[in-house]
Amino acid sequence: MPEAPKITLNPTTEHCCYTTLADKNKRKLEFIENVTTNADDVQKKVLGEILSSNAHVEYLQRHGLNGKTADRHTFKKLMPVSTYEDIQQDINRIANGGTSPILCSKPISEFLTSSGTSGGERKLMPTIEDELERRSLLYSLLMPVMSQFVPDLEKGKGMYFLFIKSESKTPGGLVARPVLTSYYKSSHFKNRPYDPYTNYTSPNETILCPDSYQSMYTQLLCGLCQNKEVLRVGAVFASGFIRAIKFLEKHWRLLVNDIRSGTLNPQITDPSVRESVMKILNKPNQKLADFIENECRKDNWEGIITKLWPNTKYVDVIVTGTMSQYIPTLDFYSNSLPLVCTMYASSECYFGVNLNPLCKPSEVSYTLIPTMAYFEFLPVHRNTNGVTNSISMPKSLNEKEQKELVDLVDVKLGQEYELVVTTYAGLYRYRVGDVLRVAGFKNKAPQFNFICRKNVVLSIDADKTDEVELQNAVKNAENHLIQFNATLAEYTSYADTTTTIPGHYVLFWELSLNGTTPIPPSVFEDCCFAIEESLNSVYRQGRVSDKSIGPLEIKIVEPGTFDKLMDYAISEGASINQYKTPRCVKFAPIVELLNSRVVSNYFSPKCPKWVPGHKQWSN
Ligand code: AMP
């Protein structure tokens, strides 16, 4: 029998007193050492805890686990690998008020609404109260790791643009909201004890303000007022940080005016926000106002971050995955300050941290923290073109494929895997949908590069549009062409994040025209709108509520353009027999080729419809 590891899985140490910050950091780093050294034992213990506490839940019993506090082997033999669609009926029962232990013995405290969608709606991830502790634990590891590389961060503040999003109630009365909204509204965040590492320029009230204009305005104002104290800046994702800079570009005159006069813009009407901001903006500051005005009125905003916040040491934003498209813009605004990706997380579960945060964005790897959940890995087999994306719906795994799943400590360097989790909140062998590649190991725990989200072709912010959704949306739009005897011969798409901020979806359309009546621009605009209306709820929320996605654009290209695209692909080595038009393009020469053959372009004239919650709930 292996000796039981001397580790606590329960992060109660959070509450004991540390003598110094250095001591606290040391303990956190020791925790990482400990759980990564004993990764396999920790994983065994985590699975044991999950299965024993949920021994009598319906889902496990249904699959024959039947109260046996199963070992790993029995668990893997009996429990199928699952997708959201497999558990959707159970989720719906809970959403409709089912309180018997269906997935988890502990009460489901709320649903976390994932940016991943199913049937056009956000997926609902069950969560339990304890998960907040686990999330807090992961957050508490970030600064001890960071402070090994950048000293003295406790001597100043972080300017982080953090926001809440709208929430809704399920028919059974459970709150449904994004994981970060849940976290910021929890006492773990709101009532956090003083800690130099969570000392932000934004008062809680500004983060918790539901009005996005007021929230962004006041967070920027507070950041500007405390500009010399700021040592690090950031947001969760790169897209959110760039949105803040664009907001500053648009509104700096008002902000400067407030700083100059020591009074607050009357558009800020939320009383608790006003009160908290007035504690910071307590008197006129002519000198700071002049300084900011002088910088902001320049035409060239290159390096604006380092100018307005001169002590900034790094930009803390996720730039892995689809967010890498924003790296050049961030480099421009920050004068190439280090871009730091600290963590990898989701609504299902928080996964891991980057132990080498000053590495280049292309080299970022995340070490999965073995206490967070029970992790398994499904090897990804690429097809001959090296492409994993296909236009198929996720299929169930056959017995052979089920057997291919490996444990955390058994993954192989360089191999790609799909992440599968079993969580304390009641997901069992659940496919998250992320593809990861093993980049190295921290002790026994693997470190992963984030490769991609399976099947996603287009993304600007939190939206994740897959090929099937895009195809269906395009089909709906194409109907508008019928009356003109025109059809869509070919199409592809592109996430344009450089020519407009916020970025927007571009569709390149090649038409086959058989009619004589010219197609008026308004018809193409209707097509743009029809596509937007058909896209999933996260996309539409980005358009309507978050304003993080710009109007969709259709670019009509000359006849023969897609033949040219094929010629290009073949000249680059693609096989003629296997060539299929890519439904999304990213490679710059291809985008240039398409753009060089555009004959006209049209934008969606209005925002699509969106309401919080699922469309079948009345909120
Ligand atoms: P959500 O469930 O909406 O919170 O989205 C979680 C998903 O966001 C993950 O499954 C990933 O696809 C993506 N994600 C989260 N953290 C990172 C990261 N550090 N790098 C790249 N993608 C990430």
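**Ligand surroundings and backbone features**

In this predicted model, a nitrogen atom of the ligand lies 2.9 Å from an N or O atom in the side chain of Tyr366. The protein buries 90% of the 500 Å² that the ligand exposes when taken alone. A nitrogen atom of the ligand is also 2.9 Å from a polar atom of Met343, in this case one that belongs to the backbone. On the side of the ligand's oxygen atoms, a polar side-chain atom of Asp434 is found 2.6 Å from one such oxygen.

The shell around the ligand holds 15 residues, of which Ser115, Thr320, Met343, Ser347 and Asp434 come nearest. Sorted by class, the shell consists of seven nonpolar, five polar and three charged residues. Several strands contribute to the shell: strand 1 (110–118), strand 9 (343–345), strand 15 (430–442) and strand 16 (445–453) supply at least two residues each. Strand 9 provides the largest share, with three residues.

The model also contains an open sheet of four strands, in which the pairing is parallel and the order is 3-6-7-8. Strand 3 (157–161) and strand 8 (339–340) form the edges, each pairing on one side only. Strand 6 (residues 230–237) and strand 7 (residues 314–318) run parallel and are joined by four bridges. Within this pair, Arg232 has Tyr314 of strand 7 as its bridge partner. Helix 11 (residues 238–261) packs on the sheet and touches strand 3, strand 6 and strand 7. The direction of helix 11 makes an angle of about 120° with that of strand 6.

Two backbone features were noted in loops. Most residues other than glycine have a negative phi, and most peptide bonds are trans. Ser336, which is not a glycine, has a positive phi of about 55°. Ser336 is placed in the loop between helix 15 (327–334) and strand 8, and strand 8 is an edge strand of the sheet described above. Pro502 is located in the loop that lies between strand 19 (486–496) and strand 20 (504–513).

Technical notes
Residues numbered from 1 in each chain as written. Predicted model: local features only at pLDDT ≥ 70, side-chain atom pairs only at ≥ 80, totals over all residues. Heavy atoms only, no water. Near = heavy atom within 4 Å. Polar contact = N/O pair within 3.5 Å; in protein donor to acceptor, adjacent residues only side chain to side chain. Areas by Shrake-Rupley, 256 points an atom, 1.4 Å probe, with all protein chains shown as cover. Nonpolar A, V, L, I, M, F, W, Y, C, P; charged D, E, K, R; others polar. Pairing = 2+ DSSP bridges. Contact = heavy atoms within 4.5 Å. Axes fitted to C-alpha atoms, helices over the stretch in contact; angles between N-to-C directions.
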